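Please open the model in your viewer and keep the selection panel at hand. The tour below goes from one selection to the next and says what is to be found at each stop.

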Amino acid sequence: MSVIRITSIAKKFIMALSGLFLIVFLLVHLGVNLLLLSNDHDLFNEASHFMASNPLIQIMQYVLALGFLVHILSGVALTVQNYLARPNRYAKNRPSENASLESRTMIVSGGLVLLFLLLHMRNFFYYIKFGTGPEGGDYVLVTDLFDIWYYTAIYVVSFVILGFHLNHGFQSSFQSLGANNKFWEGIWKKAGTIYSVIIAGGFSVIALYLFFN
Amino acid sequence: MNLTLKIWRQNGPKDKGRMETYPISDVSPDMSFLEMLDVLNESLVAKREEPVAFDHDCREGICGTCSLHINGEAHGPDRAITTCQLHMRKFKEGETIYIEPWRAKAFPVIKDLIVDREAFERIQQAGGFVSVNTSGNTQDANNLPIPKVDADLAFDAAACIGCGACVATCKNASAMLFVSAKVSQFALLPQGKVEAKERVLNMVHQMDLEGFGSCTNTGACEVECPKEISLDNIARLNREYLCATLSSE
């Protein structure tokens, strides 16, 4: 057995697998958030309580945290390697001629999403997890925050940035795993765009609905 | 045509280098880009100045020797060509043209616009070959039945001329398109399958050792490649690498 080296391709596998895992998580999260649109406020409270107390979900929380950590760390490691690969920059460069903006700025969009994630953990996860939220349950915790215009604005902008990140990340993960060719490329790209619109649009619409109501 | 050239000048590998400006007049739109540089060099020599060093060989677009990052793009603004096939009619009267060497840690500058691309040679030596017994009774390659689709794909990958435009244009200075072409041209054929696992593991290891970046799947390399090597090859390289890693003994 030859020594398994963590080559750049291996790091990209890790990036792709953790990315796909987080892509599935986002869909589950959106599913729970959609309950906020229901007139029965207890529905969201019950779902929220379930997510904070179910034993299987509690184990998955650590797996999720690991998924985020692996995705972030391998992203940073690859960015450092990539930066070092070109010590002298071009005096004139026109990257927009041959590559999309989101594909060239994954570390930037990823970093901004991480900042939002920290804010999000502080505002929601912390209270829901430790049950120190306001009276009226988690529904009130959420709707109170979406009464604040600038919080709603930060939230929507963050999800638009996440949408751009996902639009490249979705199809790129299949390429990194080798599950791509000229036939599948079109399918992954379309599916990625539809998925990104659902995630960015879905979370944003819920936030705006709560703000205007 | 009257043009202003901004050219990277560097006396040697240890020199810091700088951009220098050269006005040039009476350039014919029918000249190739390299002929335009020849004219500039003749005028520099006439003035007893050091001519601009740049790589060139066949000037027919097949050898991969000419390089040059022109106005922010590898091989200039045209598509699917090398610099020797780029013509001055692609530029406007009075335009300022930036001419720089390929920039990558793995491609150190030797002088002016010439870079050392031996990193590609070392990757090839790590596995970009098939071992054939040449004792005299070598079997005719045509005896092996190969599906037309595979033969065509292998030929498309083998069209890579190793010019380094993929590295030059990639934001990460990644050599994945080059390595994927060299792995694919053998992986698709029965002759190459024998050493496929060893080949992909060794070539990828060497690629990393040389200091190239990783692949962010931006697709810039495919756009700038003079031989239009497809990104499908990178997916195939990833597949080959995954299978080889999981099954190597």
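Buried area, the term needed at the first stop, is the accessible area (1.4 Å probe) that two parts lose on being put together, summed over both. What you have open is a predicted model, in which local features need pLDDT of at least 70 and side-chain atom pairs count only at pLDDT 80 or more, while totals for chains, interfaces and linings use all residues. Residues are numbered from 1 along each chain as its sequence is written, chains are lettered from A and ligands numbered from 1 in the order in which they are written, and side-chain values use heavy atoms, with hydrogens and water left out.

**The interface**

Begin by showing chain A and chain B together: the area buried between them is about 3,700 Å², and carbon and sulfur atoms give 49% of it. On the chain B side, select Arg103(B), Asn217(B) and Tyr241(B), which lose the most area to chain A and together make up 15% of what that side buries. If contact is taken as heavy atoms within 4.5 Å, then 52 residues of chain B touch 38 residues of chain A.

Next, select Glu222(B) and Lys182(A), whose side chains meet in a salt bridge at 3.3 Å, N to O. The rule for a salt bridge asks for a side-chain nitrogen of Lys or Arg within 4 Å of a carboxyl oxygen of Asp or Glu, and across this interface it finds 2 of them.

Strand 5 (96-100), helix 4 (165-169), helix 7 (196-209), helix 8 (220-224) and helix 9 (232-247) of chain B each supply at least two residues of the side that touches chain A, and helix 9 gives the most, with 9 residues. By class, that side of chain B holds 23 nonpolar, 17 polar and 12 charged residues, where Ala, Val, Leu, Ile, Met, Phe, Trp, Tyr, Cys and Pro count as nonpolar, Asp, Glu, Lys and Arg as charged, and the others, Gly among them, as polar.

**The cavities**

A cavity is, on a 1 Å grid over the protein atoms alone, a set of points where a 1.4 Å probe fits but cannot get out, and its lining residues have an atom within 4 Å of a point. Grid points are joined across faces, edges and corners, and a volume is the space filled by probe spheres set on the points.

The largest cavity has a volume of about 110 Å³. To find it, select Cys170(B), Ser174(B), Cys215(B), Thr218(B) and Cys221(B), which lie nearest its centre among the 14 residues of the lining. Helix 5 (176-187) and helix 8 of chain B each supply at least two lining residues, and the lining has 9 nonpolar, 5 polar and no charged residues.

The second largest cavity has a volume of about 90 Å³, and of its 15 lining residues Cys160(B), Cys163(B), Cys166(B), Cys225(B) and Ile229(B) are the closest to its centre. Helix 5 of chain B gives the most to this lining, with 3 residues.

Methods:
Helices (H or I, at least four residues) and strands (E, at least two) are DSSP runs, numbered from the N terminus. On a 1 Å grid over the protein atoms alone, a cavity is a set of points where a 1.4 Å probe fits but cannot get out, and a pocket is an open set with protein on both sides within 12 Å along at least five of seven lines; lining residues have an atom within 4 Å of a point.
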